[in-house]
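Visitor: I'd like to learn how to read pockets and cores in a model like this one. Could we look at it together?

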Amino acid sequence: MTEQDRRRWDERYAQSGPVRVDDIAPPDFLRPYADLVPTRGRALDVACGQGLGSVWLTRRGLDVWGVDISDVAVTQARDLARRHGFQDRCRFDTVDLDEGLPPGPQVDALLCNKFRDRRLDRALIERLAPGGLLAICTLSEVGAAPGPFRAARGELLSAFGELDPVAAGEADGYAWLLAHA
């Protein structure tokens, strides 16, 4: 990622300020299926932002590692975890995902909310433990204009076709998929 992009994300998170403690909930696309998310084991939150998804996963019982390009977001995520008493079960690191998914153990849940980098598809699949759940949501061309960061119709089901899909949808400019390894 370019330094300009990194600064843009830092500025965006700095302007939004820290997350309120009462905002902790599963991402919108995951709410109807929240009971499918494991309650034990490890999770990876890719492009975690301010840590809302990570803290929610920790609240469910998982040990979570959140990664994001923004130092500001990572600092806010650490603070959010600390305010919830999860600082020992939530780890956050600044990572440039343009360099690939950072090495680490397989996970029981992998959350990737509103981020898409097709170059990471294989790494995401390989990071899942047997039976692990992939929960991914991205911008989509379905119900929106095409763009370089938008998934084409059917792209997530195709990209993650070797996984066992649980639920999927495409509408209103978003595409999402829940699938087991």
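Guide: Gladly! Keep in mind that this is a predicted model. Let's begin with the largest pocket, whose volume is about 1400 Å³.

Visitor: How does one find such a space, and which residues are the closest to its centre?

Guide: The general idea is that rolling a probe the size of a water molecule over the atoms shows where empty space is left. Here, 47 residues line the largest pocket, and Trp9, Ala47, Asn113, Lys114 and Phe115 are the closest to its centre.

Visitor: Which element gives the most to that lining?

Guide: That is α1, with six residues. At least two residues each come from α1 (3-16), α2, β4, β5, β6 (164-171) and β7. Sorted by class, the lining holds 22 nonpolar, 17 charged and eight polar residues.

Visitor: Now the interior. How should I read a nonpolar core?

Guide: Think of buried nonpolar residues joined through side-chain atoms within 4.5 Å. The largest core in this model has 28 residues, and Phe29, Leu57 and Leu178 touch the most other members. Elements giving two or more residues to this core are α2 (52-60), α3 (71-83), β3 (90-94), β4 (107-113), β5 (128-139) and β7 (174-180). Its largest share, four residues, is from α3.

Visitor: What does Leu178 touch, leaving aside residues up to four places away in sequence?

Guide: Its contacts include Phe29, Leu30, Tyr33 and Leu36, along with Leu133, Leu134 and Ala135. Leu178 also touches Asp164, Pro165, Val166 and Ala167. A second, separate core has 23 residues, among them Leu110, Ile125, Leu156 and Leu177.

Methods. Residues numbered from 1 in each chain as written. Predicted model: local features only at pLDDT ≥ 70, side-chain atom pairs only at ≥ 80, totals over all residues. Heavy atoms only, no water. Buried < 20%, exposed > 50% of the residue type's maximum accessible area, 1.4 Å probe, protein only. Contact = heavy atoms within 4.5 Å. 1 Å grid on protein atoms, 1.4 Å probe; cavity = no way out; pocket = protein on both sides within 12 Å on 5 of 7 lines; lining within 4 Å. Points joined across faces, edges and corners; volume = space filled by probe spheres on them. Nonpolar A, V, L, I, M, F, W, Y, C, P; charged D, E, K, R; others polar.
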